[in-house]
Amino acid sequence: MASGWQTLDDVLTVVRTLSGKDTTTLTDATLIPIANKYYFLMVRELVGLNEDLYAEISSTDLVLNQREYSLPTDDLSSTFGLGLIKLQRVEVSYDNSTWKVADGIPFSDIKTPTILNADISTYYTTSNPKYYFKDRSVWLVPTPGSGDYTTAGNANLRIFWVKRPNEMTATTNVPDLPKDWLSVLQDGILYDVYRIYGRTDDARDSRENWQLGIIKMKELEQNISKEESLSMKTIYKNYN
């Protein structure tokens with residue numbers, strides 16, 4: 001039997017029921033942007049607890065004389081920076097045998113002009129590779145040269161990164177959240193809906209439910225140490 005509490009449509013159905021609205025007075029076009037706003041705030045809260053929940057590994061081939069390797073593009077139109085939240089790690093094998101962890105360095109640490117690969121290769125070696133991050137791309141130093149393994153199909157570069165889920169664009173989409181917390185998403189949406197219709201008391205209650213839901217989500221998604229703060233990382237203004 002199909003789940004009745006899984007898709008965005010399931011959440012929006014409850015939102016309409018609780019607010020006393022229907023699909024004519026409260027359309028998908030109105031609700032989906034609101035849902036995405038609170039969805040991405042929840043993702044950020046979960047990433048703050050355990051970034052590996054949204055981590056991915058992307059692999060690609062080394063290319064002769066190519067220093068720049070762009071992050072994969074899944075949903076460029078709706079996620080800034082290709083959805084990048086954090087770059088975790090870069091691994092590379094110049095010889096198709098020995099793998100090295102490339103150390104990330106600030107671009108300002110590079111003391112030589114970067115226009116020529118020969119200049120870069122003077123200061124960096126394949127035994128101690130580095131990378132810098134610019135323009136949503138990993139820039140690998142030294143640049144793979146003629147003596148390195150650049151045969152297509154061997155995926156000798158691995159990029160570990162934390163990626164924001166794609167924006168929801170249809171009610172059939174399934175939020176990338178534990179199903180337990182769809183009710184928290186529901187309360188966030190209800191807060192904006194009640195504000196739209198001037199229902200101040202209901203908006204205040206929904207905002208409180210949203211904030212308490214975030215705290216409970218954080219409690220149950222991580223074993224809390226004494227030093228772990230349960231306060232939200234995002235500031236929510238009281239518009240009432």
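I looked up the ring pairs and found that the structure holds four aromatic pairs, where rings of Phe, Tyr and Trp (its six-membered ring) pair if their centres lie within 6.5 Å, with planes under 30 degrees apart counted as stacked, over 60 as edge-to-face and the rest as tilted. Tyr39 and Phe40 are a stacked pair, because their ring centres are 5.4 Å apart and their planes meet at 25°. I noted that this is a predicted model, in which local features need pLDDT of at least 70 and side-chain atom pairs count only at pLDDT 80 or more, while totals for chains, interfaces and linings use all residues. Residues are numbered from 1 along each chain as its sequence is written, and side-chain values use heavy atoms, leaving out hydrogens and water.

Tyr39 counts as buried at 2% relative accessibility, and Phe40 is buried too, at 17% (buried means under 20% relative accessible area, exposed over 50%, partly exposed in between, with a 1.4 Å probe and protein chains only).

I then turned to Tyr132 and Trp139, whose ring centres are 5.8 Å apart with planes at 10°, so this pair is stacked. Tyr132 is buried, with a relative accessible area of 3%, and ring pairs join Phe107, Tyr132 and Trp139 into a cluster.

Next I checked charges over rings (NZ of Lys or CZ of Arg within 6 Å of the ring centre and within 35 degrees of the ring normal). The charged end of Lys134 sits over the ring of Phe107, 4.6 Å from its centre, and Lys21 lies over the face of Tyr197, at 3.9 Å from the ring centre.
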